[in-house]
Amino acid sequence: MRPFIVAGNWKMNKTLEEGKALVREVLARFDQPPYGLVVFAVPFPLLQAVGALLSERPGFSLAAQNCHHEEKGAYTGEVSVDMLASVGAKYVIIGHSERRQYFRESHEQLARKVNLALSRGLTPIFCCGEPLSVRERNNHVSYVARQLRASLFHLSEADMCRVVIAYEPVWAIGTGKTATADQAQEMHAALRTLLARRYSPNTAQLIPILYGGSCNAQNAPDLFQQPDVDGGLIGGASLKAEEFSAIIRAMRF
Ligand code: PGA
C-alpha cells in the first residue's frame, strides 16, 4: 500500500541555527518513529546540517525544495540533483506553484527536473493545483490533469510509481483558506482515476497524493481521514514545532 507522508516545506525561512532548533524540537516530541513518513524540505544551505540530525531517526527524511533542470554547468546560483543527492536529500519538491508563478517554470522544465531527480534516486514531490479563477469556472480537475499530463505522463509505469504528488490549490496556499475535506477528496480521487487510466489501477493505488494549502493542526485530521488523501505538504504550520508535531500525529492509522 502507499505510504502516508507529512512533509514540511519551510520555503525561504529559518537560518541554520533556527532550523536545527526547530528539527530538534520536533524530534524531541517523538520517542517512537511516527506513523508514516515525515519529510523536512529545507533551504539548500541547511540540507546537510538537518540531514545529520535526521540520520539516526527512522521515519524522518530530508528534502530539497527545488533543483535545476540541467545536470550541471554554467548556471550561476543554481543547484543540481547530484549536489542534492550528495548531501543526503532523498526527496525534492518540483513544480511548487511559487516556482511556477515567480520563476516561470514551464511544464517542460518540470518534466526534465522529474527525470533528473528519478535518475539520481531522488523522489520527486510533484506539486499541482489550480488558481482561484479556474476553480470558479469549475475547470479545476481538467487544469490539474493537464499539469500531470504535461510533466509526468511521459514516465514509464515503474518510474511513475516512484513519484509523490502534492495537490495544492493555489488559492489555499498561505491564505488561511483551506480546501474543504470534500474538495480535496474530489480532486485526489479524480487524479487517482486519471493515473489508473494512464497507467493501471494498481499503480494508481501505489502513488501517494498529499494535500497542501493552509493545512494546520485543526484541519489536518479531517483532511487526512479522506480515503484518497495520503498526507500533507505543510508550509506555514511546519515552522512551529508544536503545530507540525500535531499534524504528524494526525496521520491516520
Ligand atoms: P501553506 O503552504 O501551508 O503555508 O499554505 C503550503 C505549501 O505551499 O506547500
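# Chat about a predicted barrel model

User: Where does helix 12 lie?
Analyst: In this predicted model, helix 12 lies across strand 1 (5-9), strand 2 and strand 8. Its direction is at about 160 degrees to strand 1.

User: And in what order do the eight strands close into a barrel?
Analyst: The order is 1-2-3-4-5-6-7-8, with parallel pairing. From one strand to the next, the twist averages 25 degrees.

User: How many bridges join strand 7 to strand 8?
Analyst: Two bridges join strand 7 (residues 209-212) to strand 8 (residues 231-234), and these strands run parallel.

User: Which residue does Tyr211 stand opposite?
Analyst: Tyr211 stands opposite Gly232 in strand 8.

User: Switching to helix 1. Which residues are buried there?
Analyst: Gly19, Lys20, Leu22, Val23, Val26 and Leu27 are buried in helix 1. Seen down the helix axis, the buried residues fall within an arc of 160 degrees, so they line one face of helix 1.

User: Why can residues a few places apart point the same way?
Analyst: An α-helix has 3.6 residues a turn, so residues three or four places apart point the same way.

User: What is on the other side of helix 1?
Analyst: Glu17 and Ala28 are there, and they are exposed.

User: What do the buried residues of helix 1 pack against?
Analyst: They pack against strand 2 (37-41), helix 2 (47-54), strand 3 (60-64) and helix 12 (241-249).

User: What span should helix 1 have?
Analyst: Helix 1 (residues 16-28) has 13 residues, so at 1.5 Å a residue it should span 18 Å. Its end C-alpha atoms are 18 Å apart, which agrees.

User: Now helix 5. How far does it reach?
Analyst: Helix 5 (residues 107-119) reaches 18 Å from its first C-alpha to its last, close to the 18 Å expected for its 13 residues. Its buried residues are Leu110, Ala111, Lys113, Val114, Leu116, Ala117 and Leu118. Among the elements these pack against are helix 4 (97-102), strand 5 (123-128) and helix 7 (140-151).

User: What comes just after helix 5?
Analyst: Gly121, which takes a positive phi of about 80 degrees.

User: Last one: where is Lys177 found?
Analyst: Lys177 is in the loop between strand 6 (164-167) and helix 9 (181-198). Lys177 counts as partly exposed because its relative accessibility is 44%, and the cut-offs for that class are 20% and 50%.

User: What does Lys177 touch?
Analyst: Not counting residues up to four places away in sequence, Lys177 touches Trp171, Ala172, Gly213 and Ser214.

Terms used: Residues are numbered from 1 along each chain as its sequence is written. This is a predicted model: local features need pLDDT of at least 70, side-chain atom pairs count only at pLDDT 80 or more; totals for chains, interfaces and linings use all residues. Side-chain values use heavy atoms; hydrogens and water are left out. Helices (H or I, at least four residues) and strands (E, at least two) are DSSP runs, numbered from the N terminus. The expected span of a helix is 1.5 Å times one less than its number of residues. Buried means under 20% relative accessible area, exposed over 50%, partly exposed in between (1.4 Å probe, protein chains only). The arc is that of the directions from the helix axis to the C-beta atoms. Contact means heavy atoms within 4.5 Å. Two strands pair if DSSP finds at least two bridges between them. Axes are lines fitted to C-alpha atoms, for helices over the stretch in contact, and angles run from 0 to 180 degrees between N-to-C directions.
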